[in-house]
Structures are given as structure tokens and as C-alpha cells.
Amino acid sequence: MYCKKVIIKDDDVDARDQRDPSICLKWLTNLTLEKDIKVTYGVIVGNETFCDNMELVDYLNSLDKTHFEIATHGYTHEHFKGMPYDEQYSRIENATKTIENYLHVRSYTFITPGSNDDANTSKVCEALGYHSFSSGRAYPNDNIVDFKIDACLEYNWSQSPPEHCSFNSLKNNFDDFYNSTDEYYVICMHHNTFWYENKTTLNQTRVNNFEDFIDYVKTKNVEFMTIEDAYEWEVDKDRIIHNQTKNSYIIDFGRCEYNHTVKFTSPENYQGKKIVVLDATTNNVIGKYDANYFEFTGVKGHRYEINVEKESEINDNLQYWVIVAGVVVMLGIVGIYYKRQKKIDR
Ligand SMILES: [Zn+2]
């Protein structure tokens with residue numbers, strides 16, 4: 001089935017001030033497992049205060065990495081815009097090394113604190129081997145995939161904790177994405193906005209609102225991914241093989257590890273004709289299309305042949321209907337004959 005991707009990016013998992021693992025972080029972790037979704041955690045290492053908060057270190061180390069990705073979210077949540085290249089480099093390098101030392105993972109995703117970055121930030125990330133980037137704005141970089149934010153759960157940061165978008169505004173935003181041709185949706189959130197100002201109890205209204213939204217998204221045909229998963233899926237597109245014979249287009253997903261959406265625009269000689277998509281791996285016709293543009297799902301491992309429907313198939317169909325119509329006419333004549341016989345018999 002055609003499948004869109006949803007990424008939840010949760011920022012400010014914070015080693016400073018003994019704030020995390022907070023009840024909010026534990027709630028989000030449990031929710032992720034319970035709903036069988038995935039989350040990318042943006043971690044602030046904070047002047048190597050990781051060693052002062054071994055509870056957080058142990059907590060992050062215990063997470064099931066098939067559901068949770070650890071991403072770098074700055075060293076001390078600094079704003080990078082305008083900072084000299086060398087300073088950006090040393091801060092991001094320190095953050096990367098600290099995560100490696102304490103969490104035993106190499107992070108390949110950089111999430112800019114406050115979306116406050118410039119062209120140097122993505123250059124530094126590239127130099128440090130990062131391959132994914134997430135920010136509110138984007139600086140083009142051929143070697144880093146940019147996962148731009150589509151929706152933010154919180155707004156009005158002058159309040160503490162900031163307000164949350166309503167279920168309806170989140171739903172409308174998601175519906176717009178779902179009805180578009182976009183393939184993935186990045187929602188940004190901050191777990192530590194789910195408690196009251198006293199920081200001891202969860203705000204149940206907010207919890208319910210967010211859980212309702214997740215349940216709504218899950219009713220749609222979507223797949224939850226971490227940013228790292230989404231990167232792998234993006235790279236997997238390069239494994240698709242395209243070929244052309246005299247009459248067919250061939251798209252081969254034999255080397256792919258993910259399914260992909262095929263967006264087919266008819267060449268000129270196909271236009272106005274009925275187009276047949278054959279799954280050559282199973283030998284099943286998976287669709288016939290009248291439109292000059294259509295989409296279908298390419299399943300990993302499968303090969304597809306796209307052709308204009310053959311004249312003979314149409315003729316075969318026509319012959320079939322002639323026979324069917326003939327049989328119906330004959331039955332009708334027989335019926336009338338019997339009715340007349342009955343009348344005569346009486
Ligand atoms: Zn942040």
C-alpha cells in the first residue's frame with residue numbers, strides 16, 4: 001500500500017539542571033512503545049554535564065534503539081547563527097564526542113537549537129560526517145538531507161510552559177500534508193512542555209490532546225520513522241533501477257530495502273490511452289490507469305512493467321461481451337417461448 005512517512009522529533013532532552021529524565025520524558029518514551037511509533041530525541045549534552053547526571057545517561061542507554069534515535073541538539077543549546085566556523089565546529093564536535101563517549105552511539109542527525117543556524121552550520125555538520133539535518137530553515141547542502149519541520153506542537157514561547165496547538169489545528173495541518181504529494185511529515189515537539197509549572201504533575205489535557213492526535217495519524221496509511229530511518233529510505237531510492245524496452249517502462253526494486261511511491265507521468269505516446277501496471281514478480285496486474293499521471297507503491301524486491309493496454313486485450317474483452325450478450329438474448333428467447341407454450345397449454 002502507498003505509505004507516507006511521519007517523523008516525530010522531540011527536542012531538549014537535557015543533561016543540565018538534573019531536569020531529565022523528567023516525568024514528561026518517561027511519559028513520551030512509554031507512549032512511543034505503547035503506540036508502536038518512533039521518536040528522534042534531540043539531546044543537549046551541556047558542558048559535559050552528562051557525568052553529573054548518570055541517571056539520564058543510564059536512561060538513554062536503556063532505550064530500544066529501533067524506536068528511538070539519539071540526535072545532537074547542540075552542546076549547550078547555543079544559537080549558531082553568526083558564530084565563526086571554527087567555534088561552531090568545536091562545539092558540535094564536542095557534543096558529538098560526548099554523545100559517543102556516554103551513549104555509545106554515533107549521531108548522524110543534527111538538530112539546530114531554536115532553528116538558529118547559518119550556512120556554516122550545515123558545512124560544519126558535513127565536515128563532521130553528519131548526513132541529516134533538521135531546522136526551521138534550510139541551507140542547501142548536497143551531502144546532507146534536510147528534514148525541515150512541517151509542524152510545531154508548541155507556540156507562544158513567552159508563556160511557561162508554552163501553549164500547545166489544538167487537536168483540530170494539528171489535524172488540519174496533517175490533513176493538508178496527507179492530501180499533498182509530499183512524502184514525509186516532520187513534527188517538532190518538546191516533552192518538557194507537558195507538565196504544569198510546578199514540574200511535578202503531567203498536564204493531562206495536553207497529554208490527551210497529543211495522544212488523540214497520534215491516534216488520528218495512525219488511522220491513516222502512514223509509517224512512523226526516526227530521522228535516521230528516513231535518511232536510509234531516502235538513500236534507498238538510489239537503488240531503484242529504471243529501464244526501458246520498445247514497449248515498456250521497467251522499474252526494479254530488487255535491491256531496495258524499503259517500499260517507494262512511484263509517481264508516473266505518461267510519455268507523449270502513452271497519453272490518452274489506458275496504462276497497465278504489471279507486477280512482474282507476482283505476475284499480477286496491480287492497476288489500470290486512464291490518467292496521464294498516477295501513483296502506485298513499488299514494493300521492495302519487486303519488478304514492475306508499465307505498458308499501454310494492448311489492442312488484442314480489448315478485442316478479447318469485446319469478444320467475451322459479444323458471447324455473454326448472445327447467451328442473454330438466447331435465454332430471453334427461450335423464456336418467451338416457454339411463456340407462450342404455457343399460454344397455449346392452458
Ligand atoms: Zn531545543
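**Note on the predicted model**

1. Helix H5 first. Leu 170, Phe 174 and Phe 177 are buried in H5. A residue is buried if 20 or more other C-beta atoms lie within 10 Å of its own, exposed if 12 or fewer, and partly exposed in between, with C-beta atoms placed from the backbone. Seen down the axis of H5, the buried residues fall within an arc of 50 degrees, so they line one face of the helix. The arc is that of the directions from the helix axis to the C-beta atoms. On the other side of H5, Asn 168, Asn 172 and Asp 175 are exposed.

2. Basis of the numbers. Residues are numbered from 1 along each chain as its sequence is written. This is a predicted model, where local features need pLDDT of at least 70, side-chain atom pairs count only at pLDDT 80 or more, and totals for chains, interfaces and linings use all residues. Helices (H or I, at least four residues) and strands (E, at least two) are DSSP runs, numbered from the N terminus.

3. Length and packing of H5. The helix has 12 residues, 167–178, and at 1.5 Å a residue it should span 16 Å; its end C-alpha atoms are 16 Å apart, which agrees. The expected span is 1.5 Å times one less than the number of residues. The buried residues of H5 pack against strand S7 (151–152), strand S10 (184–190) and helix H6 (204–218). Contact here means that the C-beta atoms of two residues, placed from the backbone, lie within 7 Å.

4. Overall counts. The protein has 8 helices and 18 strands. Of its 346 residues, 29% are buried. Among contacts with a separation of 6 or more, 70% come from residues 24 or more positions apart.

5. Cores. The largest nonpolar core has 52 residues, and Ile 7, Val 43 and Val 45 have the most contacts inside it. S10 gives the most to this core, with 5 residues. A nonpolar core is a set of buried Ala, Val, Leu, Ile, Met, Phe, Trp, Tyr and Cys residues joined through C-beta atoms within 7 Å. Leaving aside neighbours within four places in sequence, Val 45 is in contact with Ala 15, Phe 50, Tyr 75, Ala 95, Thr 98 and Ile 99. A second, separate core of 5 residues includes Ile 251, Ile 275, Val 277 and Tyr 304.

6. Helix H7. In this helix (residues 227–236) the buried residues are Ile 227, Glu 228, Ala 230 and Tyr 231. Viewed down the axis of H7, they fall within an arc of 160 degrees, so they line one face of the helix.

7. The open sheet. 5 strands form it in the order S12-S13-S18-S15-S16, with antiparallel pairing. S12 and strand S16 (284–289) stand at the edges, each with a single partner strand, so one side of each is left without a neighbour in the sheet. Neighbouring strands are turned by 20 degrees against each other on average, direction ignored. Axes are lines fitted to C-alpha atoms, for helices over the stretch in contact, and angles run from 0 to 180 degrees between N-to-C directions. Two strands pair if DSSP finds at least two bridges between them.

8. Pairs within that sheet. Strands S12 (residues 241–244) and S13 (residues 249–252) are antiparallel over 4 bridges. They form a hairpin with 4 residues between them. Gln 244 stands opposite Tyr 249 in S13. S13 is joined to strand S18 (residues 303–308) by 4 bridges, again antiparallel. Ile 251 faces Tyr 304 in S18; both residues belong to the second core. Strand S15 (residues 275–279) and S16 pair over 5 bridges. The bridge partner of Val 277 in S16 is Gly 287.

9. Glu 154. This residue is in strand S8 (residues 154–155). Glu 154 counts as partly exposed, with 18 C-beta neighbours inside 10 Å. Its C-alpha atom is separated by 8.0 Å from that of Thr 193, 39 residues apart along the chain.

10. Backbone points to check by eye. A cis peptide bond joins Asp 20 and Pro 21, with omega about 5 degrees. Pro 21 lies in the loop between strand S1 (4–14) and helix H1 (23–34). A cis peptide bond also joins Ser 160 and Pro 161, with omega about -10 degrees. His 77 has a positive phi of about 60 degrees although it is not a glycine. Ser 115 is not a glycine either, and has a positive phi of about 50 degrees.
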